[in-house]
Amino acid sequence: MAKRSIKDVALDGRRVLIRVDFNVPIKNGAITDDTRIRASLPTIQYALDHGAAPVILCSHLGRPKGKPDPEFSLKPVAARLSDLLGRRVVFAEDCIGEPARTAVGQSGRGAVVLLENLRFHPEEEKNDPKFAAALASLADVYVNDAFGSAHRAHASTEGIVRHVKESAAGLLMIAEIEHLGRVLERPDRPFVAVLGGAKVSDKLEVIENLIPRVDALLIGGAMAYTFFKSRGLPVGASLVEDQLVDAAREIETRAKARSLRVELPADHVVAPASALKGEKVASEVLAVGDPAIGDRAGLDIGPKTIGTFRGVIAGAKTVVWNGPMGVFEIDAFAKGTIEVAKAVAAINGTSVIGGGDSIAAVAKAGVTDRITHISTGGGASLEFLAGRELPGVAALPDKP
Ligand code: AMP
């Protein structure tokens with residue numbers, strides 16, 4: 001069911017509180033990546049253009065442990081947002097109480113107010129009804145545009161909906177739900193999922209939810225080694241989750257029962273594990289299963305695997321990708337991930353990617369613009385793909 005969107009709600013002359021995701025990386029008071037701020041601009045601009053009086057923004061930043069901490073202040077975000085919007089942004093020193101009321105009360109049509117970090121109050125993460133009501137009292141309309149926080153039932157993402165007159169999803173939230181929802185519910189086929197990264201445990205539910213839906217599943221990254229161990233292959237010092245070896249076997253059995261194509265790497269780049277500490281070491285391409293791996297670790301997929309993955313991806317009409325194929329932070333082990341990024345970007349169909357590493361990889365490969373949808377919410381997009389209901393989405397009313 002589609003959610004009510006900001007476009008379905010009258011905003012003119014009303015106080016519009018938007019829950020955004022301004023959880024940006026900040027080093028020594030400077031924002032090092034403002035992607036999340038930029039991602040919320042269309043919704044903020046939409047509210048401004050439709051007469052919001054004023055636009056009020058709230059977000060969390062980092063983990064300040066429920067009390068004010070200047071290190072986690074949203075103040076630097078107010079300055080960056082002001083630059084991006086080309087208009088003044090009023091900063092309220094607290095997200096509820098007198099500072100918030102005064103800032104909102106003094107701001108009218110066309111004004112933008114940014115409230116201080118929600119997590120300076122422990123009640124935010126506890127989804128405390130009184131705190132949710134205090135936030136709600138600032139607004140006539142509540143808009144949730146923070147997809148990246150939608151998997152958490154917090155006061156600003158879930159509880160608040162019960163205390164505010166009208167609620168709706170923002171434009172970013174709508175785009176996320178539509179794109180991720182479409183791949184799960186009505187993908188163009190063939191539908192290929194590419195999963196990588198460090199742990200099977202993080203993506204087990206995603207794999208289970210995707211098995212009945214996809215036509216092929218490509219598994220790379222450290223995740224593959226838990227599968228190799230389940231097949232009794234030598235894995236050397238590669239990352240393995242021993243407690244998931246049985247689960248990996250079970251996944252392969254289920255996939256086989258569905259005649260689903262599951263591709264694990266056939267070859268890999270192996271090197272001493274000290275490479276992970278930044279040491280310059282020699283690496284070698286070996287076939288998977290070759291005992292010559294010794295006590296070395298598999299750190300990237302090999303050229304043969306790149307070729308196979310590329311071929312499967314090229315034939316897809318829908319691709320979902322989450323997680324790198326190797327330790328792509330180190331150039332010597334980045335090739336598999338970069339080649340997959342290029343292949344995903346080149347398909348003649350819909351590509352959806354999530355997870356900070358996959359996003360960084362498409363940026364590194366210079367193909368960001370050619371991806372259909374880049375999900376802003378790492379944890380939230382994984383939970384969505386796992387088929388879980390996200391509390392922040394469930395709380396919003398359906399489209400009338
Ligand atoms: P995730 O957050 O689960 O997507 O995992 C991302 C991390 O997995 C990245 O930091 C990669 O360096 C790491 N990774 C990917 N492949 C391997 C591998 N073969 N061995 C060790 N780490 C890996």
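Which residues line the largest cavity? In this predicted model, the lining consists of Asp 21, Arg 36, Ala 39, Ser 40, Asp 145, Ala 146, Phe 147, Gly 148, Leu 172 and Thr 376. Helix α1 (residues 35–49) supplies the largest share of that lining, 3 residues. By class, the lining of the largest cavity divides into 4 nonpolar, 3 polar and 3 charged residues.

The structure holds 2 cavities of 30 Å³ or more. Leu 180, Val 320, Trp 321, Asn 322, Val 352, Ile 353, Gly 354, Ser 375, Ser 381 and Leu 385 line the second largest cavity. Elements β15 (318–322), β16 (350–354) and α13 (378–385) each give two or more residues to this lining. Its residues comprise 6 nonpolar and 4 polar, with no charged.

| Residue (polar backbone atom) | Ligand atom | Distance |
|---|---|---|
| Ala 198 | oxygen | 2.9 Å |
| Ala 222 | nitrogen | 3.2 Å |
| Gly 298 | nitrogen | 2.9 Å |

Of the 510 Å² of accessible area that the ligand has on its own, the protein covers 80%.

Terms used. Residues are numbered from 1 along each chain as its sequence is written. This is a predicted model: local features need pLDDT of at least 70, side-chain atom pairs count only at pLDDT 80 or more; totals for chains, interfaces and linings use all residues. Side-chain values use heavy atoms; hydrogens and water are left out. A polar contact is a pair of N or O atoms within 3.5 Å; within protein, one must be able to donate a hydrogen and the other to accept it, and residues adjacent in sequence count only if both atoms are side-chain atoms. Accessible areas come from the Shrake-Rupley method with a 1.4 Å probe; for residues, only the protein chains shown count as cover. On a 1 Å grid over the protein atoms alone, a cavity is a set of points where a 1.4 Å probe fits but cannot get out, and a pocket is an open set with protein on both sides within 12 Å along at least five of seven lines; lining residues have an atom within 4 Å of a point. Grid points are joined across faces, edges and corners, and a volume is the space filled by probe spheres set on the points. Helices (H or I, at least four residues) and strands (E, at least two) are DSSP runs, numbered from the N terminus. Ala, Val, Leu, Ile, Met, Phe, Trp, Tyr, Cys and Pro count as nonpolar, Asp, Glu, Lys and Arg as charged, and the others, Gly among them, as polar.
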